[in-house]
Amino acid sequence: GLNFIDLMVRQGNIDNPPKTPLVPGFECSGIVEALGDSVKGFEIGDRVMAFVNYNAWAEVVCTPVEFVYKVPDDMTFSEAAAFPMNFVTAYMMLFEVANLREGMSVLVHSAGGGVGQAVAQLCSTIPNVTVFGTASSFKHEAIKNSVTHLFDRNADYVQEVKRISADGVDIVLDCLCGENTGKGLSLLKPLGTYILYGSSNMVTGETKSFFSFAKSWWQVEKVNPIKLYEENKVIAGFSLLNLLFKQNRGGLIKGVMDKLLNLYNSKKIKPVVDSLWALEEVKEAMQRIHDRGNIGKLILDVEKAPTPLMANDSTETSEAGEEEEDHEGDNDNKERMPFIQ
C-alpha cells in the first residue's frame, strides 16, 4: 500500500526519519513463504496482510507475527494491501477515540482518499450518522454517494456546515493541519472531539520546503486549555504507526482487525483501490497521490509490468506552499514542479 506518510518520510517531514538507503512502506499483502520456529496459527501458503515497520515495498517481507492477519477468501491481494492502514486508522479514530454513536455527525477532510473512504463506509454501519466531507471538485461525482454532504476543499466549508447544522459537528477528523485546525475546532459541538491524524499540507512540490513546513505549523491555532474547558471540547491526536511500533499495542489492533474483517465478510465495508502500479513506477505513483489525484488507495504490485505514465491523469496540485497555489488564468500554462527529481 502507498500512503501519504510515505511521501512525508521521503521528504523528511517526520520525527527521526530513518537513515538512507531504506525500503519504504508500512503495509502489504502476500503469501506466507516461511515461519519462525515459535509461530502458531499460520501455515506456509496462507494468504495474509501485514503491517511492517518500513520495508513493505519489496518482493519478500519479514515482520513479527502479531502484525499479520489472514486474508478472507473473497478479498483480492490488492484489496488486502489497501485494507490495514486505512480501515484500522478510521475505526480507531471513530470508535476508540471519538466514541461514534447513532445520530452523530462527522466532518472528514480528503473524503476521496483511502482513509476518507474508510471513514465514510464505517459511518454507514451506524444508524443516522451524518458525514460532511471535503474533496477536490473533480472527485465529487465519484464519491458523492459515500458522504451525506460534500464540499469543495477550496470552498468555505465552515459556513456550509453551519448552514446545514447550526450547532456544528460531533467529530472532526483532520489530516491537513495548518489553518484547518482552527476551523475544525470552531465547528465542534460541546462534548465534540477533534482528532488530528496527519499533516498532509506539509508535503510540498519540491523535495523539501522549510518555508512551507513552518508556515503550516504557524497557521495552527494555539490551543488554550482554559478555552477547551469552558467550551467542553476534546482535542486528540492519533498515529497508528506509533501505536503499533513504539507503544506496543499490537494486541489492541488485532482486536480491531477482527471486527473489521467481520464487517468485510458481512459486506458492510470494502477497500477502494484507485490504481495498481509496478515497482518501477513508484515515482509516478507517488506523484499521483502527492497531487491528490487518487480516489481510494494506490497499490504497488510486484507482479505488474510497467505501463504508460498515469500521473498526469490528476488535475490538481498540492495544497501546501505558496509557490504552488493556483493563479487565475495561468493554470493551463503552468509547468508542474516534479515531485521527485
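The model is predicted: local features need pLDDT of at least 70, side-chain atom pairs count only at pLDDT 80 or more, and totals for chains, interfaces and linings use all residues. Residues are numbered from 1 along each chain as its sequence is written, and side-chain values use heavy atoms, leaving out hydrogens and water.

Reader: Is helix H1 mostly buried or exposed?
Author: Helix H1 covers residues 4-11; helices are DSSP runs of H or I with at least four residues, and strands are E runs of at least two, numbered from the N terminus. Buried means under 20% relative accessible area, exposed over 50% and partly exposed in between, with a 1.4 Å probe and protein chains only.

Reader: Which strands stand at the edges of the open sheet?
Author: Six strands lie in the order S6-S5-S4-S7-S8-S9 with parallel pairing; two strands pair if DSSP finds at least two bridges between them. Each edge strand has a single partner, so one side of each is left without a neighbour in the sheet. The edge strands are S6 (149-152) and S9 (234-237).

Reader: How many bridges join S4 to S7?
Author: Strand S4 (residues 105-108) and strand S7 (residues 169-174) run parallel. Leu107 stands opposite Val172 in S7. The number of bridges joining S4 to S7 is three.
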